[in-house]
Amino acid sequence: MTQVIVVIGAGSIGQAIARRVSAGKHVLLADLRQEHADAAAKVLGNAGFAVSTAIVDVSSRASVHALVDTAKAIGEITGVIHAAGVSPTQASPATILKVDLYGTALVLEEFGNVIVRGGSGVVIASQSGHRLPSLTPEQDKALATTPTDELLALPMLQPDRMTDPLHAYQVSKRANSLRVMAEAVRWGKRGARVNTISPASSRPWQMTNWPARAGRGTDE
């Protein structure tokens, strides 16, 4: 059966990771804008990869679920590269929370339901999330384990407390790492693993590995 790598967010980071892990597999490139997906597909296609495209809005459960169905129709989902998001200079706090925080939780949940044994996922977070002052244990737990559709109702995420786009972005990226930590347990029960990578300008990357099975979270 065809093995499928789903790339969500057709930017340079998603493309670079896809090049490293998609040899002999089918790449499904998904983006909010079809023209972005098409441009990335052309680049990867010219490099010899089998590629198709889809439109996805990660802030919509119906849209993410439809992407899962599209990928399943191609073959078995062996990899997910989640690189979609908005920055503090692009959007309001509410939009950042809906896309970067809620959207990531949706992707982890929906694809965690179908990822095959031996599969893997990677979420592109940000070093900015590690610059946020420590949250309380209760806040960390809430961001990690609150049911996805209840996340945006958390008191700490309400408009009167989230007035700054940078703060919303940092909390969202911190939540990405916390969410991956919690979801790694569920993915691990399927024999799959999931990690976050936090790109930074001051160093190549900071990686957070969470144990997906048998206490191991890193590739050997």
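A crossing of two helices is right-handed if the near helix is turned clockwise from the far one by less than a right angle. The close-ups below come from a predicted model.

**View 1. Helices α5 and α6 cross in a right-handed sense.** Helix α5 covers residues 137–145, and helix α6 covers residues 165–189. Their axes come within 7 Å. The crossing angle is roughly 70 degrees. Angles of 65 to 115 degrees count as roughly perpendicular, and α5 and α6 are therefore roughly perpendicular to each other.

**View 2. Ten side by side: the residues that join α5 to α6.** From α5, the contact uses Asp 140, Ala 142, Leu 143, Ala 144 and Thr 145. From α6 come Val 171, Ala 175, Leu 178, Arg 179 and Ala 182. By class, the contact has 7 nonpolar, 1 polar and 2 charged residues.

**View 3. The largest pocket has a volume of about 660 Å³.** Its lining counts 29 residues. Closest to the pocket centre are Ala 83, Ala 84, Gly 85, Val 86 and Gln 90. Sorted by class, the lining of the largest pocket holds 15 nonpolar, 9 polar and 5 charged residues.

**View 4. Helices and a strand contribute to the lining of the largest pocket.** At least two lining residues come from each of α1 (12–21), β2 (26–31), α4 (93–112) and α6. Helix α1 gives the most, with 3 residues.

Technical notes
Residues numbered from 1 in each chain as written. Predicted model: local features only at pLDDT ≥ 70, side-chain atom pairs only at ≥ 80, totals over all residues. Heavy atoms only, no water. Axes fitted to C-alpha atoms, helices over the stretch in contact; angles between N-to-C directions. Helix = DSSP H or I, 4+ residues; strand = E, 2+ residues; numbered from the N terminus. Parallel < 35°, antiparallel > 145°, perpendicular 65-115°, else oblique. Contact = heavy atoms within 4.5 Å. Nonpolar A, V, L, I, M, F, W, Y, C, P; charged D, E, K, R; others polar. 1 Å grid on protein atoms, 1.4 Å probe; cavity = no way out; pocket = protein on both sides within 12 Å on 5 of 7 lines; lining within 4 Å. Points joined across faces, edges and corners; volume = space filled by probe spheres on them.
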